[in-house]
Amino acid sequence: MKTIKIRTIVEGTVEGVALVSPIPISFFGGVDAETGIITDSENPLFGESLTDKIFVFPESKGSTVGSYVIYGLSVNNVAPLALIANKAETIVIAGAILANIPFVDKTEHDVTITIKTGDKLVIDTTQNIIKLKKE
Amino acid sequence: MSIQYRTKQKEYGAVNMFLNKEQQKMLDGESGHAIAKLIQLIVKIGEVNGATKLIPIKNAQIAGVSYLTVGEPIFSFFNMLSEDNVKVSVPSWLNPAGMDMKKWKEMGIKNDFAEKQRRIIQQYQEMGIQTTLTCTPYLIGHKPKFGDHLAWSESSAVSIANAYYGARTNREGGPSSLASAITGFTADYGLHKKENRVPRIVVNVKATINHFSDFSALGYWYGEKFHGIIPYFTSIKNANIDQVKMLGAAMAASGSVAHFHIAKHTPEAEKVDLSSVSETVTFDESDKKQIYSHFNQTKERVNLVAIGCPHTSIEDIKLIDSSLGDKSIKEGIKFWVFSSQKLMQNDKAKKLLTNLEEKGVKIFTDTCMVVSPVVRENYKNILTNSAKAAFYLTREGTNKISLLSLSEIIERVSE
């Protein structure tokens with residue numbers, strides 16, 4: 001089992017399966033707040049659902065109202081279990097706080113390479129680590 | 001004197017942020033769940049950006065108004081806020097909506113869109129936000145003062161507040177500016193700190209900069225080349241607010257530049273510390289030409305002229321009127337000018353409007369070509385004098401735009 005150090009943005013200890021976007025994600029216009037499905041046709045995850053997944057992405061892009069999309073995901077019960085980014089910025093920080101979704105960043109490695117879609121993870125914000133259980 | 005409290009580490013991992021009693025109470029939920037969330041959002045954004053305290057703001061300018069740019073998710077967020085009946089605590093103004101609130105049918109807006117747009121504006125209004133619906137609050141009497149701390153979110157307004165007025169605001173998002181409007185605070189980082197307001201690049205402007213479109217081309221050129229870096233422009237002869245707003249808007253659009261200095265014109269320019277300048281570049285005629293040729297795309301018949309990005313001032317509108325003289329706009333071409341309702345309310349402005357309408361010029365307020373759905377959908381060949389508008393309207397690849405000076409535009413579309 002591999003351990004990765006993190007910085008905690010929004011607290012929460014969760015265990016789940018990773019869904020990894022290799023490219024920056026625009027929540028506004030790129031994710032459907034009603035279904036949790038990724039609608040950005042340029043993203044390799046196009047058509048996949050991030051509901052109940054640990055969603056891993058390098059950083060976010062696009063309109064700042066993306067925060068409202070993240071909040072909408074949680075209101076509609078289709079939110080991801082947690083969010084992991086290489087670099088947290090305003091859009092996702094605001095969204096994760098409003099929606100109360102555990103969110104971590106600043107890992108030692110590029111998470112979109114270290115973590116693969118389907119990997120089982122434990123995010124532990126009390127210790128500021130991710131435990132990676134490879135399948 | 002306020003007592004300094006350390007934020008509760010346990011709750012959300014705050015590290016180096018010191019809050020006063022009032023802020024701590026908000027965070028602890030004494031003013032309700034919604035306010036606790038909103039101040040937490042500000043604290044966290046601050047922490048990630050190295051802030052150690054929150055500072056009070058004078059006012060807020062809030063983006064995220066057009067239904068086109070916020071969509072359905074905004075309503076869930078409004079529900080959360082209205083449960084606690086939150087109100088803004090400082091003067092706050094709204095960015096443009098997706099339609100003229102009166103003449104929306106004339107624009108070609110559909111009923112469903114109009115209904116949702118009205119609901120959004122009503123929700124903001126219920127929070128005590130003034131429904132100015134403009135990206136240029138400084139043109140309707142809300143001029144920031146030198147040194148004021150603000151939370152503005154429209155990118156061109158942010159750059160004008162910083163550069164032209166010497167006020168201090170980061171480039172906020174819709175959610176963070178709203179959080180600041182309600183709590184009255186923003187985090188002390190970025191452009192709120194003097195040391196982060198210094199230029200790193202000197203731009204020697206050798207090209208002739210006369211028309212609004214020239215200022216716009218300069219801004220577009222700079223932003224595209226030097227993303228996010230504060231410039232210091234030299235050799236710009238005239239720099240009135242209408243010219244500077246074209247420069248700042250284009251730079252913010254192409255390069256997220258939130259602050260700039262113009263030698264002899266902007267208030268911080270004279271005393272600003274130039275010791276961090278690491279490069280001097282030149283903007284010459286060939287650079288200017290390159291921007292105009294990049295946005296020289298309209299091959300087929302032009303069907304729309306769109307002026308007013310950022311929103312026009314009365315002076316801008318007078319210039320359209322005088323440039324047009326006795327001529328009228330040719331049949332089959334729409335000539336749309338975007339402005340704010342506040343400017344159109346006095347008798348002089350109304351007369352100007354009627355006069356222009358007779359010549360085929362339509363003035364819409366509360367909205368613009370970028371945030372209204374109809375411009376992109378219904379008009380494929382557009383002329384504009386704004387590089388910011390050209391940038392946004394060509395992003396999806398479905399519209400052809402040409403950037404021209406106002407006089408060239410009028411020459412082409414009037415008779």
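In this predicted model, strand β8 of chain B, which spans residues 201-205, runs parallel to β11(B) and is joined to β11(B) by five bridges. Within this pair, B:Val203 stands opposite B:Val281 of β11(B). The two strands belong to an open sheet of four strands in chain B, whose order is β10-β9-β8-β11 and whose pairing is parallel. The edges of this sheet are formed by β10 (261-262) and β11 (279-283) of chain B, each of which pairs on one side only.

The axes of helix α3 (residues 33-48) and helix α9 (residues 174-183), both of chain B, come within 9 Å and cross at roughly 120 degrees. The crossing in which α3(B) passes α9(B) is left-handed. On the side of α3(B), the residues that meet α9(B) are B:Ile35, B:Leu38, B:Ile39, B:Leu41, B:Ile42 and B:Ile45, while α9(B) brings B:Pro175, B:Ser176, B:Ala179, B:Ser180, B:Ile182 and B:Thr183. Sorted by class, this contact of α3(B) with α9(B) comprises nine nonpolar and three polar residues, with no charged residues.

There remains the contact between the chains, where 22 residues of chain A are in contact with 20 residues of chain B. On the side of chain A that touches chain B, β2 (7-10), α2 (66-75) and α3 (90-99) of chain A each supply at least two residues. The residues of that side of chain A divide into 14 nonpolar, seven polar and one charged.

Definitions and conventions:
Residues are numbered from 1 along each chain as its sequence is written. Chains are lettered from A and ligands numbered from 1 in the order in which they are written. This is a predicted model: local features need pLDDT of at least 70, side-chain atom pairs count only at pLDDT 80 or more; totals for chains, interfaces and linings use all residues. Axes are lines fitted to C-alpha atoms, for helices over the stretch in contact, and angles run from 0 to 180 degrees between N-to-C directions. A crossing is left-handed if the near helix is turned anticlockwise from the far one by less than a right angle, and right-handed if clockwise. Two residues are in contact if their C-beta atoms, placed from the backbone, lie within 7 Å. Ala, Val, Leu, Ile, Met, Phe, Trp, Tyr, Cys and Pro count as nonpolar, Asp, Glu, Lys and Arg as charged, and the others, Gly among them, as polar. Two strands pair if DSSP finds at least two bridges between them.
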